[in-house]
Amino acid sequence: MNVSGLVLSAKGFSKANSYVTLPIGRFKDGDVSDSHGEIIQEVEMNVVVNGRYVHTLTCSPWDIDELAVGYLFLKGAITDASQIDSMYVDGQNGLVSVLLKHQIAIQDKDRIIPFEPAGFRTAKKKPHFRDSSELPDVVSSLLLSASQVNAMAAMLDHDSLLFKQTGGTHSAALIDDNSVVAWFEDIGRHSAVDKLVGWCVLNDYDVRDSVLLFSGRVPYEIIIKAIKAAYPVIISPGAPTNLSIELADKHGVTLIGFAKEGCFNIYSHPERVTAP
């Protein structure tokens with residue numbers, strides 16, 4: 001049962017059983033006993049674009065297509081799914097190979113550096129894609145009631161089943177018209193958001209009147225991702241930072257934090273939330 005009344009879509013469910021069971025020693029009441037634990041999975045995926053190594057993603061071993069596409073979109077390497085010619089995921093060998101219809105360049109500060117050969121990581125600093133454009137303003141006609149915000153926060157708490165089982169995941173969900181359109185989980189909060197963004201890119205989903213429901217703290221980098229993907233509202237039970245609040249306010253994002261137990265704080269653009 002969903003406590004919030006939000007409708008769950010086929011993609012809008014927690015991956016409740018996506019863990020491994022391993023033997024552990026448990027200390028309780030002054031004694032250690034043999035037990036077992038539900039352990040979240042983690043893998044490294046080397047991203048290769050047009051035959052060249054780009055980056056290594058540490059993530060949970062599912063929804064890798066969405067993760068890679070979200071990463072490439074947020075780094076400015078692609079603007080839509082039509083620019084992808086093909087994609088191949090080899091989970092056993094930790095490889096996701098993407099063939100784009102165009103060439104891309106990466107840079108380290110102002111110095112253009114060559115791609116590393118596939119399978120090697122020799123750069124001292126992580127490369128990033130060339131993206132000199134300024135962040136856009138997010139424009140949306142979305143309005144939410146306080147009860148809707150509370151319902152989304154309650155649903156996130158109640159239905160984060162993999163987190164309840166393992167304590168080791170973050171969630172990023174797309175809420176549109178009181179429906180959970182898509183739900184992604186990962187060991188990393190950044191990767192969870194990247195997966196959701198990648199799904200939206202692959203499905204050409206317009207998020208301008210949707211909510212990004214997010215389980216983690218909301219630092220500056222998460223707001224950048226939200227702005228690039230055009231999410232107008234972020235709701236999280238976690239805390240924002242001064243920089244994330246400043247950026248959200250500047251670019252038209254409604255940032256809601258500490259959303260739990262029927263309460264929440266609005267840090268930017270409160271005009272999108274109506275009182276009861």
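This report describes the overall make-up of a predicted protein model and then several of its local features.

## Overall composition

The protein has 276 residues, and buried residues make up 47% of them. Its secondary structure comprises six helices and 19 strands. The accessible surface amounts to about 13,900 Å², and carbon and sulfur atoms account for 51% of that surface.

Contacts can also be sorted by how far apart the partners lie in sequence. Of the contacts between residues at least 6 apart in sequence, 53% join residues at least 24 apart.

Helix α6 covers residues 242-250, and its buried residues are Ser244, Leu247 and Ala248. These residues lie on the same side of α6, because they cover an arc of only 100° around the axis. The other side of α6 carries Asn242, Glu246 and Lys250, which are exposed.

Which elements cover the buried residues of α6? The cover includes helix α5 (220-229) together with strands β17 (254-260) and β18 (263-268). After α6 comes Gly252, which has a positive phi, near 85°.

Asp194 is located in helix α4, which spans residues 189-202. Its relative accessible area is 5%, and the limit for a buried residue is under 20%, so Asp194 counts as buried. When residues up to four places away in sequence are not counted, Asp194 touches Glu66, Leu67, Gly70, Tyr71, Leu74 and Lys225.

Leu156 belongs to helix α2, formed by residues 146-159. Leu156 is also buried, with a relative accessible area of 4%. With residues up to four places away in sequence again left out, the residues touched by Leu156 are Ser171, Trp183, Leu213, Phe214, Ser215 and Pro237. One of these contacts, Ser215, is 59 residues from Leu156 along the chain, yet the C-alpha atoms of the two residues are separated by 7.4 Å.

## The aromatic pair

How many aromatic pairs does a search of the whole structure find? The search finds one. The pair consists of Trp199 and Tyr205, whose ring centres are 5.7 Å apart. Their planes meet at 45°, so the pair is described as tilted. This label follows because planes under 30 degrees apart would count as stacked and planes over 60 as edge-to-face.

Are the two partners buried or partly exposed? Trp199 is buried, at a relative accessible area of 12%. Tyr205, by contrast, is partly exposed, with a value of 27%.

## A nonpolar patch on the surface

A nonpolar patch on the surface is formed by Val20, Leu22, Ile24 and Ile39. Together these residues have about 260 Å² of accessible area. Strand β2, made up of residues 19-28, gives the most to the patch, with three residues.

Ile24 is found in strand β2. With a relative accessibility of 30%, Ile24 counts as partly exposed. The reason is that this class lies between the limit for buried, under 20%, and the limit for exposed, over 50%.

## Summary

Among the buried residues are Asp194 in helix α4 and Leu156 in helix α2. At the surface, Val20, Leu22, Ile24 and Ile39 form a nonpolar patch.

Note on methods: Residues are numbered from 1 along each chain as its sequence is written. This is a predicted model: local features need pLDDT of at least 70, side-chain atom pairs count only at pLDDT 80 or more; totals for chains, interfaces and linings use all residues. Side-chain values use heavy atoms; hydrogens and water are left out. Rings of Phe, Tyr and Trp (its six-membered ring) pair if their centres lie within 6.5 Å; planes under 30 degrees apart count as stacked, over 60 as edge-to-face and the rest as tilted. Buried means under 20% relative accessible area, exposed over 50%, partly exposed in between (1.4 Å probe, protein chains only). Patches are made of residues with over 30% relative accessible area and no salt bridge: like charges are joined within 9 Å, nonpolar side chains (Val, Leu, Ile, Met, Phe, Trp, Tyr) within 5 Å. Accessible areas come from the Shrake-Rupley method with a 1.4 Å probe; for residues, only the protein chains shown count as cover. A salt bridge is a side-chain nitrogen of Lys or Arg within 4 Å of a carboxyl oxygen of Asp or Glu. Helices (H or I, at least four residues) and strands (E, at least two) are DSSP runs, numbered from the N terminus. The arc is that of the directions from the helix axis to the C-beta atoms. Contact means heavy atoms within 4.5 Å.
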